[in-house]
Structures are given as C-alpha cells and as structure tokens.
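Please open the structure in your viewer and keep the selection tool at hand.

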Amino acid sequence: MIERGAQYLWMEVLHAAIEDAFQGVRGSSNDIAKRLRKVTDARDYLTKPNVDFDTVC
C-alpha cells in the first residue's frame, strides 16, 4: 500500500502536468518554440499511453 505522502506527491505531479498542458509551463524560457514543445510534452504525457503515467495513476 502506498503511504499518504507518496500519494499526495503523485497527485501534485498530475496536477502540474494538467496545468502545464492547459496554461503553459511556469518559468519556461521566452523562446516560443521551447514553450510550445513543453506544452506538447505535457499534453502527450496525459494523452498518449506511457509507462510513467500508468505508474503515477
């Protein structure tokens, strides 16, 4: 069984990914191409099958 602290940590990871996917990555560079890539990465993490996402969930 996962302890509560670890569960809350993973919930925050998911929350951050959702925010990044919708609002952009906080503190990212002023380079538009890099910012868009980070948003795309966050969206891919949430929508495309991957082992890391399965582990978190």
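Begin with the entire chain displayed. Among contacts between residues at least 6 apart in sequence, 35% join residues at least 24 apart. Please bear in mind that the model is a predicted one.

Next, switch to a cartoon view. The secondary structure consists of three helices and zero strands, and from the N terminus on the elements run α-α-α. The radius of gyration of the chain is 13 Å, well over the 10 Å that the globule rule gives for 57 residues, so the chain is more spread out than a compact globule. Along the principal axes, the C-alpha atoms fill a box of roughly 40 × 25 × 15 Å.

Of the 57 residues, 16% count as buried.

Select residues 4-23, which make up helix 1, and find tryptophan 10 within this helix. Is tryptophan 10 buried, partly exposed or exposed? Its relative accessible area is 35%; because this value lies between the limits of 20% and 50%, tryptophan 10 is partly exposed.

Side chains of opposite charge can pair when their charged atoms come close. Aspartate 41 has a relative accessibility of 34% and counts as partly exposed.

The structure holds two salt bridges. To see another, select aspartate 44 and lysine 48, whose closest N and O atoms are 3.7 Å apart. Aspartate 44 is also partly exposed, with a relative accessible area of 24%.

Finally, look for aromatic rings. How many aromatic pairs does the structure hold? There is one aromatic pair. Select tyrosine 45 and phenylalanine 53: the centres of their rings are 5.5 Å apart and the planes stand at 85°, so the pair is edge-to-face. The angle matters here because planes over 60 degrees apart count as edge-to-face. Phenylalanine 53, at 21% relative accessibility, counts as partly exposed.

Note on methods. Residues numbered from 1 in each chain as written. Predicted model: local features only at pLDDT ≥ 70, side-chain atom pairs only at ≥ 80, totals over all residues. Heavy atoms only, no water. Helix = DSSP H or I, 4+ residues; strand = E, 2+ residues; numbered from the N terminus. Buried < 20%, exposed > 50% of the residue type's maximum accessible area, 1.4 Å probe, protein only. Rg over C-alpha atoms; globule rule 2.2 N^0.38 Å. Contact = heavy atoms within 4.5 Å. Phe/Tyr/Trp six-rings, centres within 6.5 Å; stacked < 30°, edge-to-face > 60°. Salt bridge = Lys/Arg side-chain N within 4 Å of Asp/Glu carboxyl O.
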